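Biologist: I am new to this structure. Can you walk me through how to read its features?

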Amino acid sequence: MLHRKSLLVLCILLISQFALAEDGYRLWLRYDKISNASLLGKYRQQLAVPVITGNSATITAAKDELKNGITGLLNINSGILNSYTSKATFIAGTLATISNQYKLPVEKNALLGLGDEGFTITTKDQKIFIIANTDIGVLYGIFHFLRLLQTQQDITALHISTSPKIKYRLLNHWDNLNRTVERGYAGASIWDWHKLPDYIDKRYIDYARANASVGINGTVLTNVNANATILTPQYLDKVAALANVFRPYGIKVFLTARFSAPIEIGGLKTADPLNDTVRQWWKDKVKEIYKLIPDFGGFLVKANSEGQPGPQDYHRTHADGANMFADALQPFKGIVMWRAFVYSQLSNDRFKQAYEEFKPLDGQFKSNVILQVKNGPIDFQPREPFSPLFGAMPHTPLAMEFQLTQEYLGQGTHLVYEAPMFKETLESDTYEKGKGSTVAKVIDGSINNFSLTAIAGVSNIGSDINWCSHPFAQANWYALGRLAWDHTLSSEQIAKEWLQQTFSNDPAFVNIAQKIMLQSHEAMVNYMTPVGLAHIMYNGHHYGPMPWGNTLPRPDWNPVYYHKADAAGIGFNRTATGTDALSEYKQDVSSLWSDSNTCADKYLLWFHHVSWNHTMHSGRSLWNELCYKYNAGVDTVKYMQQQWNGLQKYVDAERFTEVKQLLNIQVKEATWWRNACLLYFQTFSKLPIPANYEQPDKTLEYYQSLRFPYAPGN
Ligand code: GCV
């Protein structure tokens with residue numbers, strides 16, 4: 001008897017523990033009850049009689065979301081009505097469905113100007129209206145409204161109108177069909193290809209909700225290092241099942257196309273893009289895809305890069321290759337995202353190669369091709385100057401590719417909020433059409449008048465319960481969506497609203513946690529690659545420092561190629577006396593960076609080989625500046641750790657402890673980066689690390705002896 005009783009108590013304990021589990025699965029869509037009683041009262045009144053008009057899978061999703069939201073946040077059980085009643089306090093729907101039922105609260109033309117995805121949220125006659133031209137606009141409006149509630153905004157007089165600045169707002173998954181994720185640090189791929197199409201994991205729906213909540217409207221399901229199997233009928237059925245789940249949330253699926261697929265799965269002898277049989281093969285394949293997925297988005301292609309096949313295998317150009325896909329997709333309104341991440345070894349500087357290959361092709365791509373360019377010229381380093389292709393291709397739409405997954409940014413263990421890094425690139429001035437021609441304006445199409453615009457984030461999502469492994473890595477997914485919708489939002493605002501929704505609205509928490517986030521990127525640059533260093537990580541898995549790396553067959557895979565440290569100094573001379581990569585930028589940009597005395601410190605070693613005694617803007621010598629920055633990076637992480645530890649009372653035990661443990665690792669790893677790099681560079685500078693800094697407690701040989709054969713994500 002006693003035994004049964006204690007079993008019962010144990011069960012109740014376990015259940016209540018489970019109910020309180022804060023595993024991060026809910027992301028920023030938590031909808032926990034609002035504790036501020038007066039706000040709760042007002043919100044309840046305003047949502048007493050909610051109406052959502054319309055009738056589609058998307059409107060059902062909008063109703064479900066609002067229902068979920070208000071049940072959780074307001075703890076009320078309002079049924080969502082389908083049509084207008086005079087008692088309605090909240091009305092959402094399309095222009096067409098609302099104008100049938102109620103006098104429009106805003107000018108019709110203003111609404112039409114919001115396009116296919118925009119919406120307005122307006123208060124009139126003490127009622128809140130969410131109106132859009134399409135059902136998906138309504139869903140976006142509902143998510144925006146729920147964000148207002150979750151961040152506890154005043155909703156008494158709302159006048160919001162917004163539409164996305166970028167047309168295609170995408171995640172790029174580097175997910176393989178065997179469920180490994182290239183450069184993924186959050187577990188296995190969320191796509192369970194084996195069980196698809198019959199088994200629909202609940203995660204797929206929550207993934208779609210999360211994306212739609214920040215305006216992400218497309219997903220490339222497969223790795224750019226592509227596998228042709230995804231294009232076989234068996235796998236296309238699986239892709240179609242995912243597309244069916246995502247469609248109500250406005251998310252289109254895209255696939256990566258392996259250039260050699262006609263040979264591998266089509267039995268052809270060639271994949272030459274000018275060969276008629278090959279062209280027909282792709283046309284047939286595309287037709288087959290659209291039959292299954294009528295709103296299929298198109299292809300993302302990595303060609304002639306890092307061993308991937310491509311048009312150059314047949315002495316054709318990237319434009320020939322891209323246009324072959326464009327022709328096949330054009331009848332269905334599909335697009336080709338052709339990646340510009342190429343570095344063929346033929347030139348004297350990897351920095352220059354994408355420009356060298358693509359600039360001459362400007363104007364040669366079909367109108368449904370967009371060139372997808374990484375933010376910097378090399379490869380997602382902690383800090384890069386913007387890619388010189390931005391500003392150099394007036395006749396070709398350019399998409400931005402950011403990397404959310406932290407391949408070079410501390411992988412799964414470092415808290416690094418990436419929005420400041422994204423903003424730094426977006427706000428850089430290319431001077432393409434004079435001052436103010438920012439990268440953001442190049443990619444939103446406004447500089448060259450393109451309507452085909454895109455921004456992509458290499459996904460950091462995996463099967464881990466909290467999706468992204470590090471609780472703060474979710475913020476990078478969130479930020480990508482928010483900035484793709486509106487690149488003028490500030491990093492501060494995005495951090496704040498993410499924290500409020502994900503953790504707590506208490507200003508005592510938000511202010512400090514926001515500071516932690518905002519200093520994290522600069523801290524990481526400092527403890528990894530300060531003053532314009534780049535690409536000094538370990539070979540292969542890219543985990544940890546290896547500035548001494550010099551064993552790979554290609555020079556531009558080796559860290560020593562990038563820093564060029566020697567007895568005279570350090571850095572890569574990319575001025576006219578060096579590789580002249582600077583000349584790929586407009587004169588107004590290159591002149592900012594071409595003189596080592598005036599070049600911004602943060603880019604100095606990107607463009608100059610300078611002596612260890614070079615005087616920096618701080619007045620310190622370069623060597624002392626390196627010591628200063630490396631130490632500042634470590635100190636900031638220690639400070640972040642201290643600040644986080646002070647937040648214990650505001651955060652649930654699970655996530656508090658998780659972040660605390662990860663910050664402990666980050667402090668260790670930042671110290672490792674600092675010590676290994678300074679000790680190595682010291683072998684050239686022959687200068688002491690100033691005594692006021694913590695001295696390395698291990699030898700360079702020790703750091704050089706470390707091996708990580710099983711580092712993840714490779
Ligand atoms: C998908 C870097 C990464 C590769 C990645 C490549 C790319 O080189 O290390 O894993 O491959 O970029 O963006 O194509």
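Modeller: Start with polar contacts. A polar contact is a pair of N or O atoms within 3.5 Å; within protein, one must be able to donate a hydrogen and the other to accept it, and residues adjacent in sequence count only if both atoms are side-chain atoms. Here, an N or O atom in the side chain of Lys-374 is 2.6 Å from an oxygen atom of the ligand. This is a predicted model: local features need pLDDT of at least 70, side-chain atom pairs count only at pLDDT 80 or more, and totals for chains, interfaces and linings use all residues. Residues are numbered from 1 along each chain as its sequence is written, and side-chain values use heavy atoms, with hydrogens and water left out.

Biologist: How far from an oxygen atom of the ligand is a polar side-chain atom of Arg-339? And what about Asn-225?

Modeller: For Arg-339 the distance is 2.7 Å. For Asn-225 it is 3.2 Å.

Biologist: How much of the ligand's accessible area does the protein cover?

Modeller: Accessible areas come from the Shrake-Rupley method with a 1.4 Å probe; for residues, only the protein chains shown count as cover. On its own the ligand has 340 Å² of accessible area, and the protein covers 97% of it.

Biologist: How many residues surround the ligand?

Modeller: A residue counts as near if one of its heavy atoms lies within 4 Å of the molecule. The ligand is surrounded by 15 residues, and the closest are Glu-182, Lys-302, Arg-339, Lys-374 and Glu-407.

Biologist: How does that shell divide into nonpolar, polar and charged residues?

Modeller: Ala, Val, Leu, Ile, Met, Phe, Trp, Tyr, Cys and Pro count as nonpolar, Asp, Glu, Lys and Arg as charged, and the others, Gly among them, as polar. The shell holds eight charged residues, four nonpolar and three polar.

Biologist: Now the sheets. What makes a strand, and what makes a pair?

Modeller: Helices (H or I, at least four residues) and strands (E, at least two) are DSSP runs, numbered from the N terminus. Two strands pair if DSSP finds at least two bridges between them. Phe-119 has Ala-132 in strand 4 as its bridge partner.

Biologist: Which strands form the closed barrel?

Modeller: Eight strands close it, running 6-7-8-9-10-11-12-13 with parallel pairing. Strand 7 (residues 218-220) pairs with strand 8 (residues 252-256) over three bridges. There, Gly-218 stands opposite Lys-252.

Biologist: Is Thr-162 buried or exposed?

Modeller: Buried means under 20% relative accessible area, exposed over 50%, and partly exposed in between (1.4 Å probe, protein chains only). Thr-162 has 17%, so it is buried. Thr-162 belongs to strand 5, and its side chain makes a polar contact of 2.8 Å with that of Trp-485. In strand 8, four of the five residues are buried.

Biologist: Where does Asn-217 lie?

Modeller: Asn-217 is in the loop between helix 7 (202-213) and strand 7. Its relative accessible area is 7%, so Asn-217 is buried. The side chain of Asn-217 reaches the backbone oxygen of Lys-167 at 2.8 Å. A polar atom of that side chain also lies 2.8 Å from the backbone nitrogen of Arg-169.
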